[in-house]
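We will go stop by stop.

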Amino acid sequence: MRSPSPTPKTAPSLGTPPVAKDGTSPDLALCLKLIDQLGALRQGMLGREQAMAEELAKVRPEYRDSARNLIHYLTLRQVDIRPQQEQLAWLGLSSLGRSGSHVLANLDKVLGLLHRLTNQPWQDTVAEEPASSRELLKKHTFNLLGQVPANRPVRIMVTLPTEAATDLNMVRDLVDAGMDIARINCSHDSATDWQRMAANVRRAARAAQRPVKLLMDLGGPKIRTGQLAGRPPVLKLKPGKDELGRVYRPARLHLRPINSAELMPETDASIGVWDVWLARLKLGTSINFSDARGAKRHLLVIQNNEKGAVAESLQTAYLTPETTLTIGGTGGKKKHSTLVCQINSQPGALLLRAGDSLRLTKEATGTTEALEDDSAEPRPEMAQVAVTLPQVIDQVKVGERIWFDDGRIGGVIRHKADAWIDIEITQARPEGEKLGGDKSINLPDSQLNLPALSAKDIEDLTTVAAEADMVGLSFVQKPDDIALLRDHLQRLGRQDMGIVLKIETLQGFENLPELMLSAMASRLAGIMIARGDLAVECGYERLAEVQEEILCCAETAHMPVIWTTQVLEFMAKTGLPSRAEISDAGLGVRVECVMLNKGPYIIQAIRALDDILKRMVDHQAKKRPLLRALRAWGSAGNMASDAMLAALKTLNDDHAKHNASGSC
């Protein structure tokens, strides 16, 4: 590590400082005060660096300067220097607002100029120039994310759909449109699918004659609702109608043998019927029935083959397992009937309104049956659902908030027992919200101790290590999570694999500095801002602030950032962007990679994002950071020394006086 001690060099005299008409020198007094205050800040930076020597020793040599700069930045942001910024700007000096890439060097430059203005000697330093720090970020980004595209400073990552495993042409279209990094979500599909996706990405990259990196995301310890009992099977057949109620597309129903699961293409639904009855159907056969409402309905057979028959209806109809389908019975023909033997059950769901109670259990026990506990009075029957990670029940506390289904439904924990917790629903639309199985659960107030890698994650790592360039560590919360992943990568012979920290929980955000220092023990590291879960965990009103702080922290550590969730999402789904998401996408020039999610119009979304980023490359941010004190990382895990905090007290005291006087 480079010694922080500066090399003495006396600055040349600049003459007598200017004085005002009354003989005083306000500039001189202000400069002297700033020298004392910024000197205390510099002392705090070096003190914290010395106090964290053990943590720095674990960082790889290529990240050592970045780690030192991160520590200096955290010291800078531990106090509110807005008064000093205003005073420096009044003097025509740097306000330190853009000092993140090399904090100590920028601070020393300001101190050097202040010393020259006051005719004092200054110890010039041999610290790197800020430009070298920008080169560090470029180097780390290139090593992790690959080369930057021509005329575009930001890479584009795309989540691959299931079809990418079998459709090489689709993957080629993604690459040709501008995809620089392909993402595989290990929460979906199978290891065989992932291998096929990776092979298609490599083939498409060779055809395009440019490299395309591959990121594979581990599923992580996701907390979700368990499966709910299915609703009674009801099939609604509905033809397409125009605004005048005229049918322009009949509803098409596939009638298949009971023992067959093979479906017919271009049909709206499928049911199983008796084989003997099905064999009697011919083209043009009319099928009569009374639907679940007692309405008389008809179906007309338009197709018949070994897979079954396809029949059309011009009217809306509701079918249940009690519905009887009949043919014949006219012109002396014998009637032949069948029950609707197979209809897919509807997924179970709970309708929840504000004020309702919901019981979250360790084991599935139904949806409305009441549970009793010796420690509590018997309670009225309430809706209930299981949680996929039962240990969560033991770790939460009464009074903590809980969110379901990406924040659509909110509640507060009111009661707790060994096997369940009772939740009061506090946020839902007036008409209620439906909560189904396999929906996300967020607990922003709870200190959860969950395994960083599930058994499935460890199994998936075998495929990830064989196929990917980077691995995404989902729901990372503490440095030990990263150390565990590194151990498994070493076991698999992939110490060179890049690690992307997915920041998607409040605890992960609050521990970000320690997480980054731990990641710097790896050869390649980056950060993913998962805005979806992070918004639910931190609160939507705080998302912009939290995102800004992550971006600043990553810049000081010279660590590349991937920006995700809902970027051009409406366009990827519909083909037409909203005005708000175009502006949102334009902010992508502030990161090193922007991720798009899959959708039927993903090619158009890639091309639009490529165009937006190219247009924004020459624009600069129109802002000056004010550098108020950071609440989240005030002591960076309580690693600051008492001596350092005492050295910074003068800055806090000065800020209090500044607020009281309202002066510059």
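Predicted model: local features only at pLDDT ≥ 70, side-chain atom pairs only at ≥ 80, totals over all residues.

**First stop: a helix and its cover**

Residues are numbered from 1 along each chain as its sequence is written, and side-chain values use heavy atoms, with hydrogens and water left out.

Helices here are DSSP runs of H or I with at least four residues, strands are runs of E with at least two, and both are numbered from the N terminus.

How far apart are the end C-alpha atoms of α8? They are 26 Å apart, which agrees with the 26 Å that its 18 residues (191–208) should span at 1.5 Å a residue, because the expected span is 1.5 Å times one less than the number of residues. Step just past α8 to Gln209, where phi is positive, at about 60°.

**Second stop: an open sheet**

Next, select the six strands in the order β17-β16-β20-β19-β18-β22, which form an open sheet with mixed pairing. Two strands count as paired if DSSP finds at least two bridges between them. At the edges sit β17 (383–386) and β22 (441–442), each pairing on one side only.

Zoom in on β16 (residues 357–361), where 4 of the 5 residues are buried. On one side, 5 bridges join β16 to β20 in an antiparallel run, and Leu358 stands opposite Ile423 of β20. β16 also pairs with β17, in the parallel sense, over 4 bridges; there, Thr361 has Ala386 as its bridge partner.

Move on to β19 (residues 409–416) and β20 (residues 420–427), an antiparallel pair with 6 bridges. Pick Gly411 and you will find its bridge partner, Ile425, in β20.

**Last stop: zoom out**

Show the whole chain: it holds 20 helices and 27 strands. Of its 664 residues, 50% are buried. Among contacts (heavy atoms within 4.5 Å) with a separation of 6 or more, 73% involve residues 24 or more positions apart.

How values were computed
Buried < 20%, exposed > 50% of the residue type's maximum accessible area, 1.4 Å probe, protein only.
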